[in-house]
Amino acid sequence: GEPAEDIIAKCLAAISRRAGGVESRSLLTGEGGLATIEMSNTTGRPVTPGDVMYTISKLSRMSKQGDDLGFDSDVGKIKSNAQTGVAVFDVGVDDAKKLIDFSKDIDAGGAQFRILRELELERDQTLEEGALMEEEEVAAEEAVDADVDAVEEDTPAAMVEAVVTVVEVEDAEVEEAVEVEDTIEVMTIMEVAEVPEDRVAEEDTIMME
């Protein structure tokens, strides 16, 4: 019978008063008029995007030798799954149906095709991978914090106090040196200011002579 997903989709379309049939959309991009197909290999070899392009192109040429099941080799977005070894890709709805029917009786090197209705499993795997990455990041941050705490614990308190004392001593020495320089400048100014007037007069007389 007709898949339950199609029946539900038609019911929803009827409720929303949409005219005509339900439009097929890509499960990868959401683009209308496309179907998403899964390609696997019975030999267990992982399917790559290059395998998809090569196989579809070859089967397309073979299909056009007949009259009924000829389909084009136009392939849209391709996405491979390294974990499962399969690849999914988009083609036109009519070409997808013809590809499935034609490939049933053809030896395509172990290639098998089926039209996908959903990608929920892959979405769940993506969510799990994202959660795992977050856990790894948190664990890494906690490890860094633990290393910092260990370094602080291993550093003797006396050493920390000694460093602080050295810094304080250096600051005191700098301040003392500044005070000495200021004192010398003040004394020099005072000495100049206290020169006797008769001495100044003598110096002026010598200069005039």
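Which residues of the largest nonpolar core touch the most other members? I opened the predicted model with that in mind. The core has 17 residues, and the ones that touch the most other members are Ile37, Met39, Val52, Ile56, Phe89, Leu99 and Phe113.

**Entry: where the core comes from.** I next looked up the elements behind it. Strand E1 (34–41), helix H2 (49–63), strand E3 (86–92), helix H3 (93–103) and strand E4 (111–115) each give two or more residues to this core. H3 supplies the largest share, four residues. A friendly reminder to myself: in soluble globular proteins, nonpolar side chains tend to be buried together.

**Entry: Ile56.** I picked one of those core residues and listed its partners. Leaving out residues up to four places away in sequence, Ile56 touches Phe71, Ser73, Val75, Phe89, Leu99 and Phe113. Phe89, Leu99 and Phe113 also stand among the core residues that touch the most other members.

**Entry: salt bridges.** How many salt bridges does the count come to? I got four, and I wrote up three of the pairs.

Arg114 pairs with Glu38, and their closest N and O atoms are 2.9 Å apart. Arg114 is partly exposed at a relative accessible area of 46%, whereas Glu38 is buried at 16%.

Arg45 forms a salt bridge with Asp51, with 3.2 Å between the closest N and O atoms. Here Arg45 is partly exposed, its relative accessible area being 45%. Asp51 has 19% relative accessibility and counts as buried, because the cut-off for buried is under 20%.

Lys64 and Asp72 make another salt bridge, the closest N and O atoms being 3.4 Å apart. For Asp72 I noted a relative accessible area of 38%, which is partly exposed.

**Entry: Gly110.** Is Gly110 buried or exposed? I found this glycine in the loop between H3 and E4, and at 16% relative accessibility Gly110 counts as buried. Then I looked for its contacts, leaving aside neighbours within four places in sequence: Gly110 is in contact with Ser40, Asn41 and Thr42. I also looked up the spacing to Thr43. Gly110 and Thr43 are 67 residues apart in sequence, yet their C-alpha atoms are 6.2 Å apart in space.

Definitions and conventions
Residues numbered from 1 in each chain as written. Predicted model: local features only at pLDDT ≥ 70, side-chain atom pairs only at ≥ 80, totals over all residues. Heavy atoms only, no water. Core = buried A, V, L, I, M, F, W, Y, C linked by side-chain atoms within 4.5 Å. Buried < 20%, exposed > 50% of the residue type's maximum accessible area, 1.4 Å probe, protein only. Contact = heavy atoms within 4.5 Å. Salt bridge = Lys/Arg side-chain N within 4 Å of Asp/Glu carboxyl O.
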